[in-house]
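Here is my note on the model, point by point. Please keep the structure open beside it while you read.

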Amino acid sequence: MIVTSPLDVVLWDSHPLALGATPRQVFIDGIAQFTRPHVVSESVSALKAPKTPDFESEAEAAVEHEGLPPLGPKESTPQTILFTNLTNVWVRKGNRIHSILNNLTSATDRTERGVVGVTAGNIICVTANECEQFKPLANRIVDLEGGAIQPGLVTYGSKLGLEEIAMEKSTVDGPIFDPLTHTVPKILGEETVIKAADGLQYHTRNSL
């Protein structure tokens with residue numbers, strides 16, 4: 001695909017808005033900028049314009065909440081959902097993450113990619129043959145378009161102090177003294193318990 005300006009030309013290996021699109025050659029004032037460009041063959045599907053998502057529900061929520069729709073997470077559903085056209089599924093086993101499918105990232109044919117069925121957050125089938133019997137029961141079928149499924153990422157033990165940028169001292173609310181690991185200044189007393197009560201951010205929703 002070629003994208004041009006009055007003086008310059010960019011030759012892409014796929015649609016410019018496609019994920020992973022890379023310039024094959026760039027001409028500035030008619031002069032090629034890459035002496036020996038590295039070219040990778042792309043699938044035919046990569047030459048098509050990406051599908052535009054439907055943001056109708058987001059637009060309605062923005063109007064309903066005067067431009068500030070809630071940022072809370074969506075609740076999980078007990079329904080049966082089939083995920084198709086996926087390249088991998090990662091699950092927890094002990095304290096590690098494991099793949100339960102062969103990595104199908106290189107598969108360009110949708111029929112070669114995986115199918116996974118989920119009910120109430122639990123995986124009930126992991127192959128197209130296994131999931132065939134659940135199709136009549138599925139409330140939704142979601143095409144992941146080559147994506148993958150992984151567990152929710154959860155963190156705990158976040159720092160008690162208030163900070164905006166960890167590596168920038170001017171945005172950190174000072175050290176938090178832990179009597180188990182630090183020498184606590186006498187001015188704080190012998191039985192000091194420090195807690196973070198409030199924080200103010202001058203961006204996003206103005207304050208959180």
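1. Terms come first. Two strands pair if DSSP finds at least two bridges between them. Strands (E, at least two residues) and helices (H or I, at least four) are DSSP runs, numbered from the N terminus. With that in place, strand β6 (residues 88–93) is joined to β7 by four bridges, and the two run antiparallel. Within β7, Ser-99 is the residue opposite Trp-90.

2. Basis of the note. This is a predicted model, in which local features need pLDDT of at least 70 and side-chain atom pairs count only at pLDDT 80 or more, while totals for chains, interfaces and linings use all residues. Residues are numbered from 1 along each chain as its sequence is written, and side-chain values use heavy atoms, with hydrogens and water left out.

3. Overall make-up. The protein chain has 11 strands and two helices. Along the sequence the pattern reads β-β-β-β-α-β-β-β-β-β-α-β-β.

4. Burial and surface. The protein chain has 208 residues, and 15% of them count as buried (under 20% relative accessible area; exposed is over 50%, partly exposed in between; 1.4 Å probe, protein chains only). Its accessible surface is about 16900 Å² (Shrake-Rupley method, 1.4 Å probe; for residues, only the protein chains shown count as cover). Carbon and sulfur atoms hold 56% of that surface.

5. Contacts along the chain. Take contacts (heavy atoms within 4.5 Å) between residues at least 6 apart in sequence. Of these, 47% join residues at least 24 apart.

6. The three-stranded sheet. Which strands form it, and in what order? The order is β7-β6-β11, in an open sheet with mixed pairing. β7 (96–99) and β11 (148–149) are the edges, each with a single partner strand, so one side of each has no neighbour in the sheet. Strands of a sheet pair through backbone hydrogen bonds, either parallel or antiparallel.

7. Thr-87. This residue sits in the loop between β5 (80–86) and β6. Is Thr-87 buried or exposed? Thr-87 is buried, because its relative accessible area is 6%. A polar atom of the Thr-87 side chain lies 3.2 Å from the backbone oxygen of Gly-146.

8. The four-stranded sheet. This open sheet has the order β9-β8-β5-β10, and the pairing is mixed. Its edge strands, β9 (122–125) and β10 (140–143), each pair on one side only. On average, neighbouring strands here are turned by 30° against each other, direction ignored (axes are lines fitted to C-alpha atoms). β5 and β10 run parallel and are joined by four bridges. Leu-82 has Ile-141 as its bridge partner in β10.

9. The disulfide. The structure holds one disulfide (a pair of cysteine sulfur atoms within 2.5 Å). Which cysteines does the disulfide join? Cys-125 is joined to Cys-131, with S to S at 2.1 Å. Both Cys-125 and Cys-131 are buried. The torsion about their S-S bond is about 110°, so the disulfide is right-handed.

10. Ser-14. Look in the loop between β2 (8–12) and β3 (23–28). Ser-14 counts as buried, at 2% relative accessibility. Its side chain makes a polar contact with the side chain of Asp-13, at 3.1 Å. A polar contact is a pair of N or O atoms within 3.5 Å; within protein, one must be able to donate a hydrogen and the other to accept it, and residues adjacent in sequence count only if both atoms are side-chain atoms.

Technical notes: Axes are lines fitted to C-alpha atoms, for helices over the stretch in contact, and angles run from 0 to 180 degrees between N-to-C directions.
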